[in-house]
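Look at the sequence and the model shown below before reading on.

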Amino acid sequence: MRPEEASKNGPPGSGPRGDLLGRGFPLGDWGEPAARLDELYRWVEQGALQVIAWYFADRKGKRRAARALRAGTAAGVATGAVLPLLDLTGAFGASLTPWGFVGLLGAVLCAGCDRWFGLTSGWMRDVATAQAVQRRLEALQYDWAAESVREILGPAEGTASEAAERCLGVLRRFSEDVTELVRAETTDWMVEFRSSPAPLRVQTNGAAGSARGEGLPAAFRTPFAPGARPSMPRQRPPEGPR
């Protein structure tokens, strides 16, 4: 299932309220480690696809509204510039200059609404986060394929237990990376609200993380404690050669 299909059809298993309860960690029998690891991989991959679908769905309404407001801004500026020039020609009996000021006022209102509600920056941020998660998912798929080929050809060193531990490490690093991407986007969202004149009620009641993360899988949500300042995610040091 491609992320584009997930964005059209919505996250699998999501109802009208979305995935508000998140997803429980799959429990199973480790008597067959290969089947169990494959199940965990599919669980992690499905969670990443849900994150991508959530951000793609969140950007649709913002993109349409932002484009409409930006078009209104351009039209208002053009009206405010053209009508006074036409008034100078004297081709019209009535004065058009007041309507030019009305057009400029409309442009200011459209630009202010776009800035106030964060529509343009919001849908761009959604697209950037979804693409970042998608790129990280592609890297996971190649890493998992490499581990699978190594297991089929026979491990050059180490035991089966160490091979399973490497696979679990790949899945864990991927989950941590996706969580950090969501955390960084949530932090940018909160900083944008902090810099705007709008009241920050979501921060005073400690619900900023849950309000932004509705519909995201629980493993990738980033709740913040009341009154806590969000911090930018720390970068993991580069890994050594395997």
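Does Cys 110 count as buried or exposed, and at what relative accessibility? Cys 110 counts as buried, at 18% relative accessibility. The cut-off for buried is under 20%, so the value for Cys 110 falls inside that class. The model in which this value was computed is a predicted one.

**The chain as a whole**

The chain has 242 residues, and 37% of them are buried. It contains seven helices and zero strands. Read along the sequence, the pattern is α-α-α-α-α-α-α. Consider the contacts between residues at least 6 apart in sequence: 77% of these join residues at least 24 apart. The accessible surface of the chain is about 14600 Å², and carbon and sulfur atoms account for 61% of that surface.

**Cysteines**

How many disulfides does the structure hold? The number is zero. A disulfide is a covalent bond between the sulfur atoms of two cysteines. For Cys 110, the closest cysteine sulfur belongs to Cys 113 and lies 6.7 Å away, which is too far for a bond. The cut-off for a disulfide is 2.5 Å between the two sulfur atoms. Cys 167 also has a computed accessibility: at 10% relative accessibility, Cys 167 counts as buried.

**Salt bridges**

Side chains of opposite charge can pair when their charged atoms come close. In the whole structure, a search finds nine salt bridges.

| Salt bridge | N to O distance | Relative accessible area of each partner |
|---|---|---|
| Asp 38 and Arg 42 | 3.0 Å | Asp 38: 31%; Arg 42: 54% |
| Lys 62 and Asp 58 | 3.1 Å | Lys 62: 17%; Asp 58: 23% |
| Glu 192 and Arg 125 | 2.9 Å | Glu 192: 16%; Arg 125: 12% |

Asp 38 and Arg 42 both lie in helix H2, which covers residues 33-89. They are four residues apart there, so about one helical turn separates them. Asp 38 is partly exposed, whereas Arg 42 is exposed.

Why are Lys 62 and Asp 58 separated by about one helical turn? The reason is that they are four residues apart in helix H2. Lys 62 is buried, while Asp 58 counts as partly exposed. This pair also belongs to a network of salt bridges that links Asp 58, Lys 62 and Asp 126.

The salt bridge between Glu 192 and Arg 125 has an N to O distance of 2.9 Å.

**A nonpolar patch**

Which residues form a nonpolar patch on the surface? They are Val 77, Phe 101 and Leu 104, and together they have about 290 Å² of accessible area. Leu 104 is part of helix H3, which covers residues 97-117. At 35% relative accessibility, Leu 104 counts as partly exposed.

How values were computed: Residues numbered from 1 in each chain as written. Predicted model: local features only at pLDDT ≥ 70, side-chain atom pairs only at ≥ 80, totals over all residues. Heavy atoms only, no water. Helix = DSSP H or I, 4+ residues; strand = E, 2+ residues; numbered from the N terminus. Buried < 20%, exposed > 50% of the residue type's maximum accessible area, 1.4 Å probe, protein only. Contact = heavy atoms within 4.5 Å. Areas by Shrake-Rupley, 256 points an atom, 1.4 Å probe, with all protein chains shown as cover. Salt bridge = Lys/Arg side-chain N within 4 Å of Asp/Glu carboxyl O. Patch = residues over 30% accessible without salt bridge, like charges linked within 9 Å, V, L, I, M, F, W, Y side chains within 5 Å.
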